[in-house]
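Please examine the sequence and the structure shown below.

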Amino acid sequence: MKILAIESSCDETAAAVATRLGKQRVSILANVVSSQIDAHKLYGGVVPEVAARLHLEKIIPVIDRALREAKCNRKNIGAIAVTEEPGLLPSLLVGQSAARALALAWKKSLIKVNHLHGHIYSVFIAQNAKQSVPQFPALALVVSGGHTGFWLIRDFGWERLIGQTLDDAVGESFDKVAQLLGLSYPGGPAVSKAAENGNPRAYNFPRPMIQSGDFNFSFSGLKTAVLTALTPNPSPLRDEGSFSLPTKWGGQGRGDLAASFQQAVVDTLHSKLAQALLKYPVRSVILAGGVAANPAIRWALRSLCREKKVKFYVPELKYCGDNAAMIAAACLLRLRRDSAGKPLPPPDKEGD
Ligand code: KG4
Ligand code: ZN
């Protein structure tokens, strides 16, 4: 069965057509993403109203293009998957309205998918014939602009959140630090690039909550530590909104701050994963979400897994950021059917 998937939870309008490849993989026939980055760059972050308007403009052309690229029409599509939550409500509503309208008009099942399940299952998208896929039980670290969470996965459809950020998400902290350093939105790639020429030991930023004994995170203090390093004697009268990097912090200073901040994030994720592997002796580790594109984080967590003899999986770069292919993957891999062959979403199993 081919499915059409739609994703519009934040600032990417996306549609994909996909089908299952055996029991454990998903083949993508079309993957169309229309990014709104240029519009939000002007404001240094995503403006929900602007995002919703742009989704409205793009949603039909994007779906249309995905169907054409997959050489599909309503007859070949068995069901429609759409991101249910989490995300920006005005943005989510655009994708959900389009999906509901198509499902009604075409008489297809509508399957709602959790965005974070989408990120997790993005590693099951087939890249080549030889590729292996994660074996369960697995631990998934989902690091994105809106979320940071650890998941234990025992089977397709059995996912349990075992820890999450108590404040900022990792990607959000990259975005905020980028603003402080005068770098453009989205901050992750910009900070990562600036860090290439910096000294990761120039500043000793905190490694938040690494001794908390649980799998939660907190990244807002790290951002404040970067702000404090920039302004040794901050004035209570200074307008934070008009803050800009003093010229003396350009060049090497910026690189050192970016590298030291990134190292603090890397060390925090590394430490938490090492602790999680002690408690949960899993067969695979999955790193997913927009921040999974970060080379330093990938490298550090891959090395840890090699050391612990656990298989490590990250999505291809094009499936790290938001896309509808991952929504299709989560839908297809978690899908069950009723006695008439009609697709049913899996119940979330309780207990161990
Ligand atoms: O998964 P995603 O596209 O959207 C959400 O679901 O939130 O993640 C976007 C986040 C942004 O905060 C962006 O700055 C971050 O991923 N990001 C990165 C990198 N590329 C994107 N963070 C660190 N390093 C990168 N190379
Ligand atoms: Zn996302």
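The sections below treat a sheet and a metal site in a predicted model.

**The sheet**

An open sheet is formed by 5 strands with mixed pairing, in the order β8-β7-β6-β9-β10. Strands β8 (158-164) and β10 (311-313) stand at its edges; each has a single partner strand, so one side of each is left without a neighbour in the sheet. On average, and with direction ignored, neighbouring strands are turned by 20° against each other.

Within this sheet, β6 (residues 138-143) pairs with β9 (residues 284-288) in the parallel sense, over 5 bridges. Leucine 139 has valine 285 in β9 as its bridge partner. Helix α8 (residues 252-279) lies across β6, β7 (148-155) and β9, and runs at about 160° to β6.

**The zinc site**

The zinc ion (ligand 2) is coordinated by His115 (NE2), His119 (NE2) and Asp322 (OD), at 2.0 to 2.1 Å. The angles among its 4 donor atoms range from 96 to 137°, and the site is irregular. Along the chain, the donors follow the spacing H-x3-H-x202-D. Histidine 119 and aspartate 322 link distant parts of the chain, being 203 residues apart.

Two of the coordinating residues are set out here with their location and accessibility.

| Residue | Location | Relative accessible area |
|---|---|---|
| Histidine 119 | helix α4 (residues 115-121) | 0% |
| Aspartate 322 | loop between β10 and α10 (325-334) | 16% |

Histidine 119 is buried, and aspartate 322 also counts as buried, because the term applies under 20% relative accessible area.

Technical notes
Residues are numbered from 1 along each chain as its sequence is written. Chains are lettered from A and ligands numbered from 1 in the order in which they are written. This is a predicted model: local features need pLDDT of at least 70, side-chain atom pairs count only at pLDDT 80 or more; totals for chains, interfaces and linings use all residues. Side-chain values use heavy atoms; hydrogens and water are left out. Two strands pair if DSSP finds at least two bridges between them. Helices (H or I, at least four residues) and strands (E, at least two) are DSSP runs, numbered from the N terminus. Axes are lines fitted to C-alpha atoms, for helices over the stretch in contact, and angles run from 0 to 180 degrees between N-to-C directions. Contact means heavy atoms within 4.5 Å. Donors are N, O and S atoms within 2.8 Å of the metal (3.2 Å for Na, K and Ca); water is not among the atoms, so sites may look incomplete. Four donors count as tetrahedral if all angles lie between 85 and 135 degrees; four count as square planar and six as octahedral if opposite donors are over 155 degrees apart and all others between 65 and 115; anything else is irregular. Buried means under 20% relative accessible area, exposed over 50%, partly exposed in between (1.4 Å probe, protein chains only).
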